[in-house]
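Hello,

Here is the structure I promised to pass on to you.

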Amino acid sequence: MEGVKHAQIIDISLSPCISVWSIGDGAPEETEKRDDSQRSTLFVEKPQSGSVSVGKCGNITFIAKVEAKDLLRKPNVKWFKGKWMDLASKAGKHLQLKESFERHTKVSVLDNRQNFKRSLENKTFNFCFMQVEVKQQEEEPEVDVWELLKNANPSEYEKIAFQYGITDLRGMLKRLKRMRREVKKSAAFAKGLDPAYQVDKGGKVRFMVELADPTVELKWYKNGQEIRPSTKYIFEHKGNQRILFINNCTMTDDARYYVTAGDEKCSTELFVRDPPILVTKGLEDTNTYVGERVELSCEVSEDDANVKWFKNGVELTNEPKSRYRIKVEGKKHTLIIEEAAKNDSATYSVMTTGGQSEAKLSVDLRPLKISLALEDQTVRLGQEIHLKCEISENVQGKWYKNGQLVEASDRVKLYHKGRIHRFIIASAAVDDEGEYMFVPDSGSLRKICTISHFSDPPKLHLDGLGENNTVTVVAGSKLRLEIPITGEPTPKVMWSKGDKVYSGRIRAETYPDSSCLVIDTAEREDSGPFRITLKNEAGEDTALINIKVVDVPDPPQAPNVTEVGEDWCVMTWEPPANDGGSPILGYFIERKKKQSSRWMRLNFELCKETTFEPKKMIEGVAYEVRVFAVNAIGISKPSMPSKSFVPLAVTSPPTLLAVDGVTDTSVTMKWRPPDHIGAAGLDGYVVEYCFEGTDEWIVANPELTDKTRFTINGLPTGSKILVRVKAVNAAGESEPRYHPQPILVKEVVEPPKIRLPRHLKQTYTRRVGETVNLVIPFQGRPRAKVSWQKNGSPIDKNQINIRNTENDTIIFIRKAERSHSGEYDMKVEVENLVDKATIDIQIVDRPGPPEIVTIEDVWGENVNLSWKPPKDDGNAAITGYTIQKADKKSMEWFTVIEHYHRTSATINELVIGNEYYFRIFAENMCGLSEDATMTKESALIAKDGKVYKYPVYDDFDFSERPLFTQPLINTYAVAGYNATLNCSVRGNPKPKITWLKNKVIIMNDPRYRMFSNQGVCTLEIRKPSPYDGGTYSCRAVNELGEAEVDCKLEVKGKSFKSLQMHCLFEQTLHGRLVTRYI
C-alpha cells in the first residue's frame, strides 16, 4: 500500500537569553516564502528539511551551527512543534534531548537521539524553520518465530534465535519437537488451541477453544497447575467459545498451557519474547597508529545484552587466543585491540536484536625515527662483526656495503625482530672492511658506519694462574680453564699432554680472545702438565700448565671391634691406602643396629686417631660400625661394616651363698641368683673350692649348672675348704661370691625338728570331694626317718598318699571322704632322737534333715512348731535351720525363717481360712541339708465364730506313671560349638530324670550339663568333638513305672559350610543375621 505524506514546519529561534526551534503545521510553500534576510547570519549551518518513515527505523537528525564569538554565555534552547507545543515536555522514549557545550569552540549541542540533533555556536538572537515529511509505510506483518523455526534448517536455529531475541533456544526446540507430534481429532473440542502462541513481554495474549458441548466443565492449566481467575487471568464465555486472557505477560508466563474438557485435553505453548535491544550510542570512526591500543565502544538499551561484533561482515569471537577482546560493563560494550596492526584497518560493526552500528578503523604507520644508530667499529680478523640499528617502527629494510646491496647468505646473517635490525658476520675477513648502510623500506632514513682491521702476534696471558702455572681441580667436577689470548689475525690454538692431543671428554674450546681447556669429569689420571700453543701469521707462543686433580680419600678397611662392654665397645681401623692427594684430616664413625638400615653419626668433630669408643648402646642388641675418612676435598665412601657385635655385661655376683649340708666326704652349697643379670641372660654357675692354706682354686663342676644348689663330692674327711661361686653368661664370668668361713668336711648330727605350719596347728577342715594336699617341712641330719599313723593305726596307702623327702613330707588325698577325718600323728627320727606332731583333719558334708517335725499348737494366725536335731550333722556343728510353709491348695513353698538356731519356733501372720504344711531344713558350714522334714498334719487357721463344716470329698488320685509328651529328635552338631538335646515328660510323683549315652549313665562329667524345668528336660553338651556322637537316651522313673526315649547325635567337623550354617542358626536365635564371613 502506497504511503501517505505529511509535512511539518520546524521553527528555530535563538537569542542571547533564549533560542527557539518550533515545528508547525504548514505548507512547504509557506516555508519557502520566508526570506533569509529576516533571519540573522548567526546560523552557519541551518537544519535541513527531511522525510522519515513511520516505525522503529524512522529516525531523523537535524543539525544547525551558530557562530558564538560575540555571545557572553551559552544560549537557552527550546524545541516547538507547530506554534505553541513545547517538545521538552514530550521528551522520552521517542524524543531524547541532549545539550552540551565546549568552552574552546563555544559550541552548544542539542541532541535528539531518535528524532533531532542540533549543534549551535553562540551569538545573538536568531531563529529558523525546517520541514519534516513523514511517510506512512506498509506495516510489516508480525513474524511468527515458531513458523520460522518449524520451516528452517537446523543450522539456522541459532541465527534466528539471536535475531528475534530468543534466550532459551534449547527449551524452545524441545517444545517444538513436542508440538510436531500428530494431534488426534477431539470429540469434546470443535476447535482447539493453536500449537503455539507468541507475545511480546508486557503484552496481552488470548487463548480460545470452541466446545462441541457447552455444558462440559472446562479447566485451564499452566505447567500442570490449575489457573484461577484474577486480574491477570480473565475468563470469558461466548456461546460455545471459551476464552482465556493473560494480561501483562512476563517471562514467567512462558510455559505450556492446556485446557481439559471432561477426559479430553488440548494443549499449546506460549512464548514470551523480550523487546528488541536498541543501540543507544553507536560506534565512532577511529584513526590510530600501529602498536597502539584501540577501543571501539557502543551502548545498548539493556544491561548485559547479547551483542555481536563483526569485522568486514565476519563475526568476531571472544576466544582466549584471539587478538580481539570484548569487554561488557552494564550497557556499555567495548571491542579492544591491544596492539593494532596494519591489517586491523577495516569496517567494524555491532549488531543487536533491535539495531546495529558501524565505524571505520584506520591504522597507519608512525613517522620513522632512529632510536639506535649504527656505530663505527674496528675488529680483528676472525672476530665477529655485529651491526645493530633500531628505528621507531616495525618495518622492513635493506643493508648496503659501499653502496652495493647485501643479501643474506651462510656467512652473512641478517636479522629483523620488531624494531631492531642486525647485521652479523661470524668471522671477519680482510674483504669485510668498508662502509655499511641500513635503509628502511618506507621513508628516506639511512645510517652509515665503517669497519676496519689490524693484526698482532699471538700472546698467552697467564697472570691469573698460581705458582708454577698450577691449577687444582676436584675429581668428578668439571674443569673449564680459560686462558686469555691476543693476536691478529686470531691465532690457532692447540692443547696437548705429552704426545696426546685430546678431544671428547678432554677438549679445547677456542674463542676470539681466549682458549678454554675443558675436562667434563676430572679424574686422577688427568693430573700432569698440559701444553698450549698459539700460532698465526705474526708468530707463535707456548706455555706449560700443570693440572692437579685432587679427590676424596679411599674408604678405610673394615674396622675391628676389640672389646665389648655393657653399652660400649672399642674399635680400631687402618688409614686408607690412598688419601686422594690431600692429607687425611680425621674420621667420622657411624653405627647401626644389625637388622636396621639407618646409620647414625657418632661424632660431629673429626676423630684424629684410628681408635674410637662408641657409647650409649643398648645391651643385647647386635650392632655394626663403619668409618669415613675426611680430607680437604670431602668425605670418602664408607668402609665395609665391621662384624656384628652385641654389647653385653657380666652379671652381678650370686647372693646369699650358704652351706646347705655337710657329710664326711661332701659339702652342699646353696645360693640365690644375682641381683642384676642383664640382657645376656644367665647361662649357669661355676662352683670352685680350694683347701685352706692354698691359693689353687679347683673347679667343682666342669659343666655349668643352672641350679642354685650344688654338692662338692670326693672331699677328704676332716679337711677345711673355701668355696666361691661365679655366675656365667655370654659376656663372661661375674665377680665371685665367697663363703665367709672355711667349711669343715665332717658330718654333723642335727636333731629332728618338725616345723608344723600355723594353719595345721588347728583343726584342718575340708569338704567332701575336695583335695587334701599338706606339706610339712622338718629338719634332721643325717638321714631322717618319717612315719605316719591315723588314730593310732598305720595309714592305708591305698586311700592316702604319703611322699617323703630330705626336708619335708607330703600327705595327699585326691578326693576327701568323711572317713578320712581323724588325728594324724607324724614322727621324725634321727638316730636316737625323735620329734612328733599331730594334725587333726576334719572332712565335713551337708547335714541330714531334722527328725520328726510336729505342730504343737495353733491359735489365731499363729502356729507353734517343734522338731529334733538331725541324726547326721555332716561331721560339723549345726549352725541353724530354715523353715518353709506351703498352702495346701497350691503346695508352693515359701521361706519364712532362715538361720534359726532353736528346735522350736512360732510362725506368725498366717492367712485365716488357709490350711498350711511346714517343712524344715538343717544347716551347717557346708550348707542346707539336701532334704527337708515336713509335718504330717496340716494346720488350719480357722475363722472366729461359727465353725464351718467342710464337706468331705474323696481325694483325687493324680498319680501317673512317667510319659514323654515330646520325644528326643535326631540332631547334627558342629564340633567346637555347644549342642543341646531337649524333651518333655510328665508324671506324678515327679519322676527322676537320668541321661544315658550308648546305654551308659552320664555321671559327674563336666562336659555335660543337665536341666529340668517344669517338665522340660535338657542335656547340654559343651563343645562336642566327633567322639561325642552316639545314641543318647533320657530315662524318667517314679513309683508307678518308667519311660525312656532316645535319639542319635552326629558331630561333624568345623567345615566352612557347617560353620556358616551354625553361625546363621545362632545369629537367628539372637535376632541377628550374619551377612558375611571372614
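Is Asn875 buried, partly exposed or exposed? Asn875 is partly exposed, at 27% relative accessible area, where buried means under 20%, exposed over 50% and partly exposed in between, with a 1.4 Å probe and protein chains only.

Before you read on, please note that this is a predicted model, in which local features need pLDDT of at least 70, side-chain atom pairs count only at pLDDT 80 or more, and totals for chains, interfaces and linings use all residues. Residues are numbered from 1 along each chain as its sequence is written, and side-chain values use heavy atoms, leaving out hydrogens and water.

**Backbone points**

Asn875 sits in the loop between strand 72 (862-867) and strand 73 (880-887); strands here are DSSP runs (E, at least two residues), numbered from the N terminus. Asn875 is not a glycine, yet its phi is positive, near 65°. Glu909 is another residue other than glycine with a positive phi, about 55°. Glu909 belongs to the loop between strand 75 (904-907) and strand 76 (915-924), and it is exposed, with 68% relative accessible area.

There is also a cis peptide bond between Asn988 and Pro989, with omega about 5°. Pro989 is in the loop between strand 82 (979-988) and strand 83 (992-997). For background, most residues other than glycine have a negative phi, and most peptide bonds are trans.

**Strands**

Ala979 is part of strand 82 and is buried, at 8% relative accessibility. Between Ala979 and Val1051 there are 9.3 Å from C-alpha to C-alpha, while in sequence they are 72 residues apart.

Strand 37 (residues 434-440) is largely enclosed by the rest of the structure, because six of its seven residues are buried. Strand 37 pairs with strand 33 (residues 397-401) in the antiparallel sense over five bridges; pairing requires at least two DSSP bridges between the strands. Within this pair, Gly397 has Pro440 as its bridge partner.

**A charged patch**

Lys753, Arg755, Arg758 and Lys761 form a patch of positive charge on the surface. Such a patch takes residues with over 30% relative accessible area and no salt bridge, joining like charges within 9 Å; a salt bridge is a side-chain nitrogen of Lys or Arg within 4 Å of a carboxyl oxygen of Asp or Glu. Arg758 is in the loop between strand 62 (750-754) and strand 63 (764-767), and at 74% relative accessibility it is exposed.

Best wishes

Terms used:
Helices (H or I, at least four residues) and strands (E, at least two) are DSSP runs, numbered from the N terminus. Patches are made of residues with over 30% relative accessible area and no salt bridge: like charges are joined within 9 Å, nonpolar side chains (Val, Leu, Ile, Met, Phe, Trp, Tyr) within 5 Å. Accessible areas come from the Shrake-Rupley method with a 1.4 Å probe; for residues, only the protein chains shown count as cover. Lys and Arg count as positive and Asp and Glu as negative; His and the chain ends are not counted. The place of a charge is taken as NZ of Lys, CZ of Arg, CG of Asp or CD of Glu.
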